[in-house]
Structures are given as C-alpha cells and as structure tokens.
Amino acid sequence: MLNIPLMSNNISREDVEVLIGFLRGTDRFTNGPKVREFEKAWSEWLGVKYSVFVNSGASANFMTMAGIAELYGKGEVIVPTISWVSDISSVIAAGHTPVFVDVSMKNLAMSEEAVLKNITGNTKAVFLTHVLGLNGLSGHLTAELKKRGVLLIEDVCESHGTMTQGKKAGTVGFASNFSFYYAHHMSTIEGGVVCTDDEDFYQMMRMYRSHGMLRENDDGGYKKRMQEAYPDLNPEFIFMVPGYNMRSTELNAVIGLNQLGRLDGQVKKRQENFAAFLDGLDSRRYYTDFDTEGNSNYALIVLLRDKDPELFKRISSRLSEEKVEFRRGTAGGGNLARQPFLRKRYPQIKPEEYVNADHIHFYGMYTGNYPGLEREKIRGLCRILNTL
Ligand SMILES: Cc1ncc(COP(=O)(O)O)c(C=O)c1O
C-alpha cells in the first residue's frame, strides 16, 4: 500500500517546543510584538514593504477586497473559475461584481486572453490566483494591467516561493494574499497575510483587521487629523471603516517565525518531487507539459488528457485502495461556476462555457506533495497511474 497523505508533519516537534518555551515566558498572547516581528520577517522574505498577519487566507481575501472598495470604489473584479471560494465570496461581500474567466491548461491560472478581453471601463481589479504552486502571471499581463490602470491582486495561498518575472509571486501586483493553513507550504496552524508596498492600503488593512479602528493606523499625522475631525468621539474608539476582527495571536506568529527558517529548503524538496512525478508520468495520458518555470509545487497534479470518465473512476478507486489521499478538481473543488453559491446568485452563468475549468473539474485531481515524500512512493504512484 502506498499510503500518501495530503500533508505530513507540517507542525514539527521543534515548533511545539519553541511555542512552549514562548508560553512559559510571556504574558502577552494576542496580536502584539511577535505578530509585528513575524510581519517584518515575512516582508523581508517576500520582498515587500508591508505585511498584515491575519487569522486565515480567506480573511486576507475578504480584507483585501473590502479595502479596494473603500479606497477605489466598487466595480467589476475579474476572477478565475479555478481558485478558492473566498476569492469570489470576498468580491461579492465587498460589493464588487465578479466577472468569471476560464483558465489556461499551461498553469491552471486565469487565461491571459480572457482577462484582457473582459476588461471594461468598470474593471477595478484582476484577482489572480497562482494555482498549486504554478506561476500564473506573465510579464505581458502585468504590463497590460498597469497600462490600463487595473489593480492586480495576487492570491498566493497555494504558491509560497513561486517565482514570476524574476521576483517572488506576491510582489508583482498591488497587493497579495497568502495562507498558512496546515496543508500549505508553511503553517501557523491557521493564518494568512496581506502584503503590499502601498502605505495607504497597508494602513487600511491594519484598520480592517481590527474592527476598522483608527487607533490601529500607525500613521501618527493621519490619526491626529482624524481625532481632531471627530471631537465628539472617544479617540480610542473611532471606527473609520466597516472592519472585521481578523487578528491572529502571538502563538501563531511564534510558530510562523520558526517555520519561516525552513521554508526555502522545503520549497526546493517539493519542486524536486514534482519534477520526478512529471518525469515518471505517461505524457500521452496525462498533462505533463505545465509551465513549471519558477514553480513551488503545492501538490502532485493528475490531469487526464482525454475526457475518459472510466479511467478517472479507476484512478479514484485504486488510489483509495492504496490510501493515497486526493482531491478532485484541484484545491478549490473544480469549476467554481458549478457551485451553488454562484448559480443561485447568477442564474445566467453557464459552467460548461469555461471549457478548461470544466475539464479540470471532471478529469483533474491532486495528491499530496510534502517535503518528506519518498522518491520510491512517487515512482510507485506513477507506475499505478501509467498502467491503470
Ligand atoms: C487560492 C486560495 N485562496 C484562499 C484560501 C483560503 O485560505 P485559508 O484556508 O487559510 O482560509 C485557499 C485555501 O486554502 C486557497 O487555496
């Protein structure tokens, strides 16, 4: 039996020991100096000016879309049909209108032509997801969006360490979101972060994280001006924006700081695992020609070339027998246009028109790729997939 879980040992004994040591010596447990230290270390690792640590990647999505609406107004936001639910629910919740596009088979990210075709005078942003560690962004798309004055937001929740255009993914757009949930490249148990070089957006994110409170804004001049503008309010309780409570804790930040030291080494191992997997797969049966340059693999992608439901069924039952954990349709559950929360809201939506997303939905899945995955297991997995 192959026995490959989706993730193994992502919170190490050493993380736990460091956390216990921290707990013994502290009397501050929520959002405080360790959170700031982690934000600084993360910003340096990524190569951005500012990071705001929150309690999940979904929270990062919700705050980002709300902040865009607050600073730039509501409008159309172009979203992919292969992504995660919060990349679309955050758009709807902020009062924007999602405009759906199909994805490319080369990198599973939104198709460049479809994005450019769907830009209108009302487009506020493109919310691009780097899927399963593959770079989803070309220099051409980045430059076009800049030229047309459309904000680019990168969701990098599945792609920590992926490179795009010679830089880390998450540094190219106006803002980016990461998740530190258990199965991801690094973990704070639960957690996420919003990153940006834009000072106004950063201050907005600090306020959104904490009930929209002015006191979270660390621009002293702005704070003073607002306190003077609202003399009837207690300066400690001035709510500037309709914010949330999406704070994380010192405990999560301590784990994050410890994990960050291991991240680059783990990214390398996962890359090597993915290369060995693609090398072993029969390319007549499976897509193996992804654009892997700069990838930071999240999971081994099994995507049939042909629409062959019988083969897909055979693979599913054999992997279950072998105790190989898998998820159908990539991390987000496949073609999001098929999901009830969208079909109810947008009855005109025709999921089958997103041809590539639909192919991934019915004939795609991923299995776990974690740093300690043995080469022998990867070979065994390929053997099974090639002969079924
Ligand atoms: C692309 C993407 N965005 C956002 C999220 C949400 O992250 P979290 O699970 O930390 O809320 C996920 C989920 O893992 C994801 O895959």
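How much area do domain 1 and domain 2 bury between them, and what share of it is on carbon and sulfur atoms? In this predicted model, the two domains bury about 3,000 Å² between them, with 67% of that area on carbon and sulfur atoms. On the side of domain 1, Met105, Leu132 and His185 supply 25% of the area that this domain buries against domain 2, which is more than any other three residues supply.

The protein chain is divided into domain 1, covering residues 13-254, and domain 2, covering residues 263-387. Taken over C-alpha atoms, the centres of domain 1 and domain 2 are separated by 26 Å, and the contact takes 34 residues from domain 1 and 40 residues from domain 2. Between domain 1 and domain 2 the count of salt bridges is zero, although the count for the model comes to 21 salt bridges.

**Pockets**

| Pocket | Volume | Lining residues | Make-up of the lining |
|---|---|---|---|
| Largest pocket | About 530 Å³ | 27 residues | twelve nonpolar, nine polar and six charged residues |
| Second largest pocket | About 270 Å³ | 17 residues | four nonpolar, nine polar and four charged residues |

Of the residues that line the largest pocket, Trp84, Tyr181, Ala183, His184 and Tyr298 lie nearest its centre. The elements that give two or more residues to this lining are α3 (57-72), α4 (86-93) and β12 (364-368), and the largest share, three residues, comes from α3.

The lining of the second largest pocket also involves both parts of the chain, drawing at least three residues from each of domain 1 (13-254) and domain 2 (263-387). Nearest the centre of the second largest pocket lie Asn107, Asn135, Leu137, Ser138 and Asp291. Its lining includes nine polar residues, alongside four nonpolar and four charged ones, while the lining of the largest pocket holds twelve nonpolar residues together with nine polar and six charged ones.

Key. Residues are numbered from 1 along each chain as its sequence is written. This is a predicted model: local features need pLDDT of at least 70, side-chain atom pairs count only at pLDDT 80 or more; totals for chains, interfaces and linings use all residues. Side-chain values use heavy atoms; hydrogens and water are left out. On a 1 Å grid over the protein atoms alone, a cavity is a set of points where a 1.4 Å probe fits but cannot get out, and a pocket is an open set with protein on both sides within 12 Å along at least five of seven lines; lining residues have an atom within 4 Å of a point. Grid points are joined across faces, edges and corners, and a volume is the space filled by probe spheres set on the points. Helices (H or I, at least four residues) and strands (E, at least two) are DSSP runs, numbered from the N terminus. Ala, Val, Leu, Ile, Met, Phe, Trp, Tyr, Cys and Pro count as nonpolar, Asp, Glu, Lys and Arg as charged, and the others, Gly among them, as polar. Domain bounds come from an automatic or database domain assignment. Contact means heavy atoms within 4.5 Å. Buried area is the accessible area (1.4 Å probe) that two parts lose on being put together, summed over both. A salt bridge is a side-chain nitrogen of Lys or Arg within 4 Å of a carboxyl oxygen of Asp or Glu.
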